[in-house]
Amino acid sequence: MMLMRTDPFRGFDRITQRLLDDGLQPAGGMPMDAYRDGDSFVVDFDLPGVRPESIDLEVERNVLTVTADRADTAYEGRETVVAERPSGTFSRQLFLGETLDTDNISAEYVDGVLTLRVPVAEQAKPRKINVSGSSQARRIDA
């Protein structure tokens, strides 16, 4: 059995896509989703094939940098027929707002997905303000 590519123009499509940067490929080869979940912001990064120990997270002045390494799958003595899975070092930066608690970020890597939870800072959470006053109406006679 032989593996063959059926689209002879696929290579041209890739080159055009990279040159035009049409937004279909995420920056840094690290696709992500970000959403708010209660009192936290959650960011999920797709990092299939990455060893957990190769993931590095760093926060400096509200900039979160995620770096990960994916080993090259080319081996000596093998002839590569198709190589579409990227390898090497991937990096992505997120700018975190002042309302987030960057000291308490948690990270979990399960099934090729890195999930970061960034809590909302206490001072940024909505709070109730009690209104004091008298329940009796005053009558002023002139």
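Because the model is predicted, local features need pLDDT of at least 70 and side-chain atom pairs count only at pLDDT 80 or more, while totals for chains, interfaces and linings use all residues. Residues are numbered from 1 along each chain as its sequence is written, and side-chain values use heavy atoms, with hydrogens and water left out.

## Overall composition

The protein contains one helix and seven strands, where helices (H or I, at least four residues) and strands (E, at least two) are DSSP runs numbered from the N terminus. Along the sequence these elements follow the pattern α-β-β-β-β-β-β-β. Of the 142 residues, 20% count as buried; the term buried denotes under 20% relative accessible area, exposed over 50%, and partly exposed the range in between (1.4 Å probe, protein chains only). The protein exposes about 11700 Å², of which carbon and sulfur atoms supply 49%; accessible areas come from the Shrake-Rupley method with a 1.4 Å probe, and for residues only the protein chains shown count as cover. Among contacts (heavy atoms within 4.5 Å) between residues at least 6 apart in sequence, 52% join residues at least 24 apart.

## The open sheet

Four strands form an open sheet in the order β1-β2-β7-β6, with antiparallel pairing. Strands β1 and β6 (106–110) stand at the edges with a single partner strand each, so one side of each is left without a neighbour in the sheet. On average, neighbouring strands of this sheet are turned by 20° against each other, direction ignored; the axes are lines fitted to C-alpha atoms, for helices over the stretch in contact, and angles run from 0 to 180 degrees between N-to-C directions.

Two strands are taken as paired if DSSP finds at least two bridges between them. The antiparallel pairing of β1 and β2 extends over six bridges, and Ala-34 stands opposite Val-43 in β2. On the β7 side, seven bridges join β2 to its antiparallel partner, with Phe-41 opposite Val-118 in β7.

Strand β2 is mostly covered, five of its seven residues being buried. Ser-40 lies in this strand and counts as buried at 16% relative accessibility. Not counting residues up to four places away in sequence, Ser-40 touches Tyr-35, Arg-117, Val-118, Pro-119 and Val-120.

The loop between β1 (32–37) and β2 contains Gly-38. The hairpin of these strands has two residues between them, and Gly-38 takes a positive phi near 65° there. Gly-38 is exposed, with a relative accessible area of 52%. Its C-alpha atom is 9.0 Å from that of Val-120, although Gly-38 and Val-120 are 82 residues apart in sequence.

## The nonpolar core

A nonpolar core is a set of buried Ala, Val, Leu, Ile, Met, Phe, Trp, Tyr and Cys residues joined through side-chain atoms within 4.5 Å. The largest one has 17 residues, of which Phe-45, Leu-47, Val-66 and Leu-114 touch the most other members. At least two residues of this core come from each of β2 (40–46), β4 (63–70), β5 (88–95) and β7 (113–119). In soluble globular proteins, nonpolar side chains tend to be buried together.

Which residues does Leu-114 contact, leaving aside its neighbours within four places in sequence? They are Val-43, Asp-44, Phe-45, Leu-47, Ile-55, Leu-57, Val-66, Ala-107, Glu-108 and Tyr-109.

## Salt bridges

A search of the whole structure finds two salt bridges, each defined as a side-chain nitrogen of Lys or Arg within 4 Å of a carboxyl oxygen of Asp or Glu.

| Salt bridge | N to O distance |
|---|---|
| Arg-117 and Asp-37 | 3.3 Å |
| Arg-51 and Glu-53 | 2.9 Å |

The side chains of Arg-117 and Asp-37 meet in one of these bridges. This pair links distant parts of the chain, with Arg-117 in strand β7 and Asp-37 in strand β1, 80 residues apart. Arg-117 is partly exposed, with a relative accessible area of 33%, and Asp-37 likewise counts as partly exposed, at 39%.

Arg-51 forms a salt bridge with Glu-53. Arg-51 is partly exposed at 45% relative accessible area, whereas Glu-53 is exposed at 59%.
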